[in-house]
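Please consult the sequence and the coordinates alongside the text.

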Amino acid sequence: MSFLAGNDSFSHQHQQQQHHHPLQQHQMIPLPSAIFFTCLAPVTVLGNGFLLLTFHRNSASLLRTPSNFFIFSMAWANFLTGFVLQPLLAYHYYSLYLNENRPLLLRKVMSAFSIVTMNASIFSVCAFSWDSFLALTRPIKHRKWMTIRKAKVVIACVWFYQIGFASLLFTNIPLSLFLQVDLHLNTTLTSTLLLVCYVCLYKAFKQRERKRVKSFNSPRPQISFRTGKRSSKSERRMRMIIFLFTLVTTIPILPVTVVWHLTWYCSECQRNQDLVLAEKVLNQLVFVKFVLDPFVYAWRLERYRKALKRMLCCNR
């Protein structure tokens, strides 16, 4: 996924050459878009910045599981999106509003940066979701399969792959081919994996809940019942966090993925003004995901809130 796929001043210029129809007239009003990214950038930086600081100050206690390393990778990608990409996009739309020319190199840098940070964030969420599924369904094998070292290798591969893929934008590869590969290999693949993971997690939690209810109905000592009740409450909280975390990423991505497929492969859809406008809106709403991530996951967990409180109070 990248902002390039819905960039009204870059990719659609290429579509004009390929399809010979005036898509430029359907671009969103620049000023509201500029204000949107201007407001979104500091919130994205603060939310994910506090999460990164919490990890840094409490690394001994928080960075002890592979899943938290995926969250750490996601927070870095989100932070870079808010710190670099969103201000550049605000400048881009302010320039459109003022009818100023923007260098082609700057537009390519923005597009490449969006490919790296946005895809790295979404891939990290996808890895976290599948790691949670394996930990739930195969807890013993999960400890052998997914170690901290393997999690670091996965994260490193994701970042190196995205950087390498984004660098292809500065080669002589046709832009249409690059966009289609990005659409299928990055956006569509991760959307499908997230959707499948959500369904698998839902079924796994339902099956686990049925087993727990069945075990509670069998004769057991009272202390075992209390222990199981506390465990059930904790698991329901974690289940809600995992579901919300997956949904916050899946819901914005799926519609824009479908719209991108339509605008790429349906000639009638390319002339539909409402659909092209929907593409612009959905493409920008994806950036809300980078704001919500730390609040949905990190700040709903008591240990993160306590760690943040200790950090802000200078461990006093």
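## Confidence of the model

pLDDT is the predictor's confidence in each residue, on a scale from 0 to 100. The structure is a predicted model, in which local features need pLDDT of at least 70 and side-chain atom pairs count only at pLDDT 80 or more, while totals for chains, interfaces and linings use all residues. Residues are numbered from 1 along each chain as its sequence is written, and side-chain values use heavy atoms, with hydrogens and water left out.

The protein chain has a mean pLDDT of 77, and 73% of its residues reach 70 or more. Where pLDDT is low, the predicted coordinates should not be read in detail.

## Overall organisation

The secondary structure of the protein chain comprises 13 helices and 0 strands. These elements are DSSP runs numbered from the N terminus, with helices (H or I) of at least four residues and strands (E) of at least two.

Of the 316 residues in the chain, 48% count as buried. Buried means under 20% relative accessible area, exposed means over 50%, and partly exposed lies in between, using a 1.4 Å probe and protein chains only. Among contacts with a separation of 6 or more, 82% join residues 24 or more positions apart.

Helix α2 (residues 30-57) packs with helix α4 (residues 66-97) at an angle of about 155°, their axes being 8 Å apart. Axes are lines fitted to C-alpha atoms, for helices over the stretch in contact, and angles run from 0 to 180 degrees between N-to-C directions. The helices α2 and α4 are therefore roughly antiparallel to each other. Angles over 145 degrees count as roughly antiparallel, under 35 as roughly parallel, 65 to 115 as roughly perpendicular, and the rest as oblique. The residues in the contact of α2 with α4 comprise 25 nonpolar, 9 polar and no charged. In this classification, Ala, Val, Leu, Ile, Met, Phe, Trp, Tyr, Cys and Pro count as nonpolar, Asp, Glu, Lys and Arg as charged, and the others, Gly among them, as polar. The crossing in which α2 passes α4 is left-handed; a crossing has this hand if the near helix is turned anticlockwise from the far one by less than a right angle, and is right-handed if clockwise.

The axes of α2 and helix α12 (residues 288-296) come within 9 Å and cross at roughly 30°. That angle makes α2 roughly parallel to α12. This crossing is left-handed. Residues of α2 that meet α12 include Phe-36, Leu-40 and Asn-48, and their partners in α12 include Val-288, Phe-290 and Pro-294. By class, the contact of α2 with α12 has 9 nonpolar, 3 polar and no charged residues.

## Packing of α4 against α7

The axes of α4 and α7 come within 8 Å and cross at roughly 25°. Helix α4 is thus roughly parallel to α7, and the crossing of the pair is right-handed. Among the residues of α4 that meet α7 are Pro-66, Phe-70 and Ala-77, while Lys-152 and Trp-159 are among those contributed by α7. The contact of α4 with α7 divides into 10 nonpolar, 1 polar and 1 charged.

## Selected buried residues

Helix α5 (residues 104-137) holds Cys-126 as well as Asp-131. Cys-126 counts as buried because its relative accessibility is 5%. Leaving aside residues up to four places away in sequence, Cys-126 touches Leu-193 and Leu-194. Its C-alpha lies 9.6 Å from that of Leu-195, 69 residues apart in sequence. Asp-131 counts as buried at 5% relative accessibility, and beyond four places in sequence Asp-131 touches Pro-66, Ser-67, Phe-70, His-142 and Met-146.

Ile-253 is placed in helix α9 (residues 222-265). With a relative accessible area of 3%, Ile-253 is buried.

Notes:
Contact = heavy atoms within 4.5 Å.
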